[in-house]
Amino acid sequence: MFGNPDWFRDATQRWPLPQQGKGWLYYFAWLGILILPATLLLSWAYVPEALIWTIVTATLFVLDVRKLRRQSAEKQAYRNLYFIGDNTPEIIETEKYTLEIKD
């Protein structure tokens, strides 16, 4: 969704650690999206709405981190492979077949 695996050290861990400023910005943005509206809703005595907001945004954050970890694992699989030729890892061609990785 929003995260990029290049912003994190090893995004295959349970909670990826940022290696760039964009990774920290990603976490702080999610924290702000989660806490600020919930705090405002609580200050206006909208407790059910604050609870719903917290549950929905926390779920979206967890799903985004899961996608981030999945993308990182896919990239990691290609780092350990050695390709002979000029083909990129996304397209592999033989005499009869052409294999292409789809996103």
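Which residues do ring pairs link into a cluster? In this predicted model, local features need pLDDT of at least 70, side-chain atom pairs count only at pLDDT 80 or more, and totals for chains, interfaces and linings use all residues. Residues are numbered from 1 along each chain as its sequence is written, and side-chain values use heavy atoms, with hydrogens and water left out. The cluster consists of Phe 2, Trp 7, Phe 8, Trp 15, Tyr 26, Tyr 27, Trp 30 and Phe 61, linked by ring pairs.

The secondary structure of the protein comes to 2 helices and 2 strands. Helices (H or I, at least four residues) and strands (E, at least two) are DSSP runs, numbered from the N terminus. Along the sequence these elements follow the pattern α-α-β-β. The average pLDDT of the protein (the predictor's confidence in each residue, from 0 to 100) is 84, and 85% of the residues score at least 70. Confidence is highest in helix α1 (residues 21-43), with a mean of 95, and lowest in strand β1 (residues 91-93), with a mean of 72. Of the 103 residues, 19% count as buried. Here buried means under 20% relative accessible area, exposed over 50%, and partly exposed in between (1.4 Å probe, protein chains only).

A pair of aromatic rings is described by the distance of the centres and the angle of the planes. Rings of Phe, Tyr and Trp (its six-membered ring) pair if their centres lie within 6.5 Å; planes under 30 degrees apart count as stacked, over 60 as edge-to-face and the rest as tilted. By this rule the protein has 10 aromatic pairs. In one of them, the ring centres of Phe 8 and Tyr 26 are 5.6 Å apart and the planes stand at 80 degrees, so the pair is edge-to-face. Phe 8 lies in the segment before α1 and Tyr 26 in helix α1, so this pair ties together parts that are 18 residues apart in sequence. Phe 8 and Tyr 26 are both buried.

The rings of Tyr 27 and Phe 61 also form an edge-to-face pair, because their centres are 6.2 Å apart and their planes are at 65 degrees. This pair links distant parts of the chain, with Tyr 27 in helix α1 and Phe 61 in helix α2 (residues 47-79), 34 residues apart. Tyr 27 is buried, at a relative accessible area of 18%, and Phe 61 is buried at 17%.

A nonpolar patch on the surface is formed by Met 1, Phe 2, Ile 52, Val 56, Leu 60 and Leu 63, with about 570 Å² of accessible area together. Patches are made of residues with over 30% relative accessible area and no salt bridge; like charges are joined within 9 Å, and nonpolar side chains (Val, Leu, Ile, Met, Phe, Trp, Tyr) within 5 Å. A salt bridge is a side-chain nitrogen of Lys or Arg within 4 Å of a carboxyl oxygen of Asp or Glu. Accessible areas come from the Shrake-Rupley method with a 1.4 Å probe, and for residues only the protein chains shown count as cover.

Val 56 is partly exposed, with 43% relative accessibility; Leu 60 is partly exposed at 35%, and Leu 63 is partly exposed at 38%. The C-alpha atoms of Leu 63 and Met 1 are separated by 8.7 Å, although the two residues are 62 residues apart along the chain. Between Val 56 and Leu 34, 22 residues apart in sequence, the C-alpha to C-alpha distance is 9.0 Å.

Helix α2 also contains Thr 57, which is buried at 4% relative accessibility. A polar atom of the Thr 57 side chain lies 3.4 Å from the backbone oxygen of Thr 54.

Gly 21, in helix α1, is exposed, with a relative accessible area of 54%. Gly 21 and Trp 7, a member of the ring cluster, are 14 residues apart in sequence and 7.7 Å apart in space, C-alpha to C-alpha. The loop between α1 and α2 holds Ala 45, which is exposed at 59% relative accessibility. Most residues other than glycine have a negative phi. Ala 45 is not a glycine, yet has a positive phi of about 65 degrees.

Technical notes. A polar contact is a pair of N or O atoms within 3.5 Å; within protein, one must be able to donate a hydrogen and the other to accept it, and residues adjacent in sequence count only if both atoms are side-chain atoms.
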